[in-house]
Structure formats: C-alpha cells, structure tokens
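Student: I'd like to learn how to read the features of a model like this one. Can we go through it together?

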Amino acid sequence: WVMQESYPNATVGPRLFLSTAGGAPGSFSELTLTGVDPSDNWPWTTRLAVVDLGPGTPNALFMGSDYLYRSSVDDPTSWTKVSADLFLGSQAVSDIEPVTVGDQVRLYLGSGMGFYFPGGPLTRVYRCDDAMAATPVLVDVTGDYPLGNVGDLAVDPNRPDRVYLARSEFGLSRLYLSEQG
C-alpha cells in the first residue's frame with residue numbers, strides 16, 4: 001500500500017489518501033479518519049510518519065497537529081490522540097522523525113511558525129523514547145535552538161542521539177546538530 005498526505009481543511013482536519021495498488025494512477029481513495037479533532041491546529045500539510053515494527057507486527061503511523069496521534073496500518077482510519085497540547089494551541093508539528101532504538105520506538109518532533117508568546121518562543125523540539133506506550137512521554141529538548149521553523153529532522157539510525165535539524169528561515173543559520181538527542 002501507499003499512503004499520501006495532503007492539505008488539511010477546516011471541516012475534516014487532516015487528509016490522508018490510500019492506494020492498495022502500489023500508488024498506480026487513479027488508485028488513491030481518501031480515508032475517513034476517526035478519533036481526529038478537525039479543530040486542532042493542523043500544519044499546512046499533514047505530517048505523517050511510518051514506523052516499521054518488524055515481521056508479524058503492524059507498522060505504526062504517527063500524525064501531528066498541536067497534538068500527536070497514533071494509528072496502525074491495520075486500520076489507518078482509526079487514530080488515537082496520545083499527547084497533551086504540545087504548543088499551547090498556536091503551532092503544529094512541522095516534522096516527525098522516528099527511529100528504532102532496541103525494541104523501542106523513539107520519535108523526534110519539531111514545530112513550525114515560530115511565534116512568540118509571553119515568556120519566550122513557541123518553537124519546540126520534542127523527543128519521545130516510548131512512542132508505542134499507552135501514554136507516551138514527550139520531553140522538550142529544544143535547549144538553545146533559536147526561534148525559527150523546524151523544516152526537517154533527520155536521525156542517524158546507528159546513533160539515535162545524533163539528530164540533524166534544518167531550520168526553515170531566510171537569512172539565518174539553517175543546519176543544526178545535536179549529539180545528545
């Protein structure tokens with residue numbers, strides 16, 4: 001199967017399309033998603049990550065608004081909100097980067113829009129070491145990352161604490177590296 005993200009809309013929220021024919025032209029159908037709140041703060045394109053959990057276990061799906069949602073390829077229409085509001089309702093997940101660490105799934109999440117609120121910027125980077133837990137724990141690892149949209153995250157699969165972050169801002173430093181996850 002092939003899954004494609006699209007632009008959210010204010011009535012239905014995120015939009016996902018599925019092809020069970022390998023992505024052949026005309027084979028995509030829009031999925032009706034349950035468990036998803038259309039009033040969440042969705043990014044301008046739906047953010048989706050797939051995690052291969054190995055033979056005999058359905059792959060996990062993760063999607064982000066200002067909350068983190070989880071599903072599986074067995075039923076990609078049914079989603080569960082597994083986090084609190086990560087960005088105080090004013091931002092959305094701009095990237096989700098999964099990596100397998102032993103028998104655990106680790107996620108890194110970045111946010112976009114970079115707006116300020118009283119007390120500091122809302123741009124955040126989160127790490128979750130137990131993404132498959134009933135209630136995953138997301139830890140703010142923003143550290144000294146300056147204000148700016150997180151455009152992309154990449155994790156070294158052999159060194160899951162090595163994370164690259166591409167900042168999506170004009171005229172500013174754009175590539176960051178963390179060796180501590």
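**Reading the contacts**

Tutor: Let's start with a salt bridge: the side chains of Arg106 and Asp129 meet in one, at 2.7 Å from N to O. The term stands for a side-chain nitrogen of Lys or Arg within 4 Å of a carboxyl oxygen of Asp or Glu. Bear in mind that this is a predicted model, where local features need pLDDT of at least 70, side-chain atom pairs count only at pLDDT 80 or more, and totals for chains, interfaces and linings use all residues. Residues are numbered from 1 along each chain as its sequence is written, and side-chain values use heavy atoms, with hydrogens and water left out.

Student: What is the general idea, and which parts does the pair of Arg106 and Asp129 tie together?

Tutor: Side chains of opposite charge can pair when their charged atoms come close. Here, Arg106 belongs to strand 9 (residues 104-111) and Asp129 to the loop between strand 12 and strand 13, so the bridge ties together parts 23 residues apart in sequence. Strands (E, at least two residues) and helices (H or I, at least four) are DSSP runs, numbered from the N terminus.

Student: Is Arg106 buried or exposed?

Tutor: Arg106 is buried, with a relative accessible area of 9%, while Asp129 is partly exposed at 34%. The cut-offs are under 20% relative accessible area for buried, over 50% for exposed, and partly exposed in between (1.4 Å probe, protein chains only).

Student: Which side chain meets Asp161 in a salt bridge of 2.7 Å?

Tutor: That's Arg106 again, N to O. Asp161 counts as partly exposed, at 33% relative accessibility. Arg127 also meets Asp161, at 3.5 Å; this pair links strand 12 to strand 15 across 34 residues. Arg127 is buried, with a relative accessible area of 17%.

Student: What do the shared partners give?

Tutor: One network, joining Arg106, Arg127, Asp129 and Asp161. A search of the whole structure finds 10 salt bridges.

Student: And aromatic rings? How many pairs does the count come to?

Tutor: A pair of aromatic rings is described by the distance of the centres and the angle of the planes. Rings of Phe, Tyr and Trp (its six-membered ring) pair if their centres lie within 6.5 Å; planes under 30 degrees apart count as stacked, over 60 as edge-to-face, and the rest as tilted. The count by this rule is 2 aromatic pairs. Trp42 and Tyr69 have ring centres 5.6 Å apart and planes at 25°, so that pair is stacked.

Student: How are the planes of Tyr145 and Tyr176 set?

Tutor: They are at 80° with the ring centres 5.3 Å apart, so the pair is edge-to-face. Tyr145 lies in the loop between strand 13 and strand 14 (150-156), Tyr176 in strand 16 (residues 175-178), 31 residues apart. Tyr145 is buried, with a relative accessible area of 11%, whereas Tyr176 counts as partly exposed at 24%.

Student: What about confidence: what pLDDT does the protein average?

Tutor: pLDDT is the predictor's confidence in each residue, from 0 to 100. The average is 87, and 93% of the residues score at least 70. Over residues 114-120, though, the pLDDT is below 50.

Key:
Contact means heavy atoms within 4.5 Å.
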